[in-house]
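Dear colleague,

Please find the structure below, handed over for your reference. My findings follow it.

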Amino acid sequence: MTKPKNVRPTTEPQTEKKPIGRPPGSPNVRETAVAVPSRCNACGSTEREPYLDRNDLEFAGVDSGGKAFTHIVRRRVRCAGCGQMRIDVTRENRVPPSR
Ligand SMILES: [Zn+2]
């Protein structure tokens with residue numbers, strides 16, 4: 001078999017279709033984490049509109065479940081069920097950037 005004439009260097013973006021499925025050698029998933037969506041205090045709906053803004057506060061501590069966190073994030077959002085505004089507060093535990 002002969003090589004095609006216009007062989008692109010591998011650094012260029014590939015336009016070919018991506019192969020379906022995980023690449024060979026991918027590790028199996030062993031852990032499951034349950035993520036609970038925020039809920040409207042007025043009507044109980046978990047449906048929401050897109051977040052309007054976001055405020056990151058660097059504040060380390062331990063939450064009520066005993067899990068450590070490094071940042072407190074507040075996002076303003078409107079309930080899609082009843083229109084009530086609320087602020088979703090999440091405590092994130094961020095891994096320091098590896099060197
Ligand atoms: Zn609501």
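A residue is called buried if 20 or more other C-beta atoms lie within 10 Å of its own, exposed if 12 or fewer do, and partly exposed in between, with C-beta atoms placed from the backbone. Strands (E, at least two residues) and helices (H or I, at least four) are DSSP runs, numbered from the N terminus. Strand β1 (residues 53–62) lies largely in the open, because 0 of its 10 residues are buried.

Please note that this is a predicted model, in which local features need pLDDT of at least 70 and side-chain atom pairs count only at pLDDT 80 or more, while totals for chains, interfaces and linings use all residues. Residue numbers start from 1 along each chain as its sequence is written.

The protein has 3 strands and 0 helices, and its elements run β-β-β from the N terminus on. Of its 99 residues, 2% are buried.

The strands form an open sheet in the order β1-β2-β3, with antiparallel pairing; two strands pair if DSSP finds at least two bridges between them. Its edge strands are β1 and β3 (85–92), each of which pairs on one side only. Strands of a sheet pair through backbone hydrogen bonds, either parallel or antiparallel.

Between β1 and strand β2 (residues 68–78), the antiparallel pairing extends over 8 bridges. Within β2, isoleucine 72 stands opposite leucine 57, and valine 73 stands opposite aspartate 56. The hairpin of β1 and β2 has 5 residues between the strands, and glycine 66 takes a positive phi near 85° there.

Yours sincerely
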